[in-house]
Amino acid sequence: MQQTNQLVRLMEIAMMTSLALVLDYLSGLFFRMPNGGSLALIMIPVILMSIRWGMSTGFIIGVLIAGLQLLNNPIIATPVQGFLDYFVASVVICLSGIFAGLIKTAIQEKHRKKQIIYITLSVFVASFFRLLTFFTSGVIFFSHYAPKGTPGWVYSLIYNGSYMVPSFIICSIVLCILIPTASRLVLPHQK
């Protein structure tokens, strides 16, 4: 049984990594910032897997996503900036798994309001740390793009917030509809 669960987990990692990259590509078609950044629909599959299998699985997907994004025309000013914007920003999404137990308990208790609260908190944590990573990178490496007289930290916050806040809202809505409706997505052993 343990080997079966491990095989299922590995197959789901491959599928969700692929789905995340497809969502990233599609979101970039509709909304892409001039100096990098787009709606972070990439978070949806990673959050689902971080809730379903735990933060370690979300971490693995984040590493895979970062590696594959680096092969596809990345915007890299320095190695440290590339590490922050690709590796760290992809991996911090796994922190959404902090609320996995609370979400699963709320599902089992059929308490929809708690499900929505914990799912939203889960997306918030992922979005916050992703924004913090991009913000830090922006302040350190992209402040020179700020309009004259605008502090680099203000420019970075506005620039990165302009796509991360809508990403948080969209991902929260999608996951608050998806998870309560199809709870098997996060309860791997449910029959």
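Is E12 buried or exposed? In this predicted model, local features need pLDDT of at least 70 and side-chain atom pairs count only at pLDDT 80 or more, while totals for chains, interfaces and linings use all residues. Residues are numbered from 1 along each chain as its sequence is written, and side-chain values use heavy atoms, with hydrogens and water left out.

E12 has a relative accessible area of 13% and is therefore buried (under 20%, with exposed meaning over 50% and partly exposed in between; 1.4 Å probe, protein chains only). R52 is buried too, at 10%. These two residues form a salt bridge, their closest N and O atoms lying 2.6 Å apart; the term requires a side-chain nitrogen of Lys or Arg within 4 Å of a carboxyl oxygen of Asp or Glu. The count by this rule is one. The pair joins distant parts of the chain, with E12 in helix α1 (residues 2-30) and R52 in helix α2, 40 residues apart. Helices are DSSP runs of H or I, at least four residues long, numbered from the N terminus.

Now to helix packing. The axes of α2 (residues 43-52) and α3 (residues 55-70) are 6 Å apart at an angle of about 150°, which makes the two helices roughly antiparallel (over 145 degrees). Axes are lines fitted to C-alpha atoms over the stretch in contact, and angles run from 0 to 180 degrees between N-to-C directions. V46, M49 and S50 of α2 meet M55, T57, G58, I61 and I65 of α3, contact meaning heavy atoms within 4.5 Å.

Helices α4 (residues 79-91) and α6 (residues 112-141) have axes that come within 9 Å and cross at roughly 175°, so they are also roughly antiparallel.

Definitions and conventions: Parallel < 35°, antiparallel > 145°, perpendicular 65-115°, else oblique.
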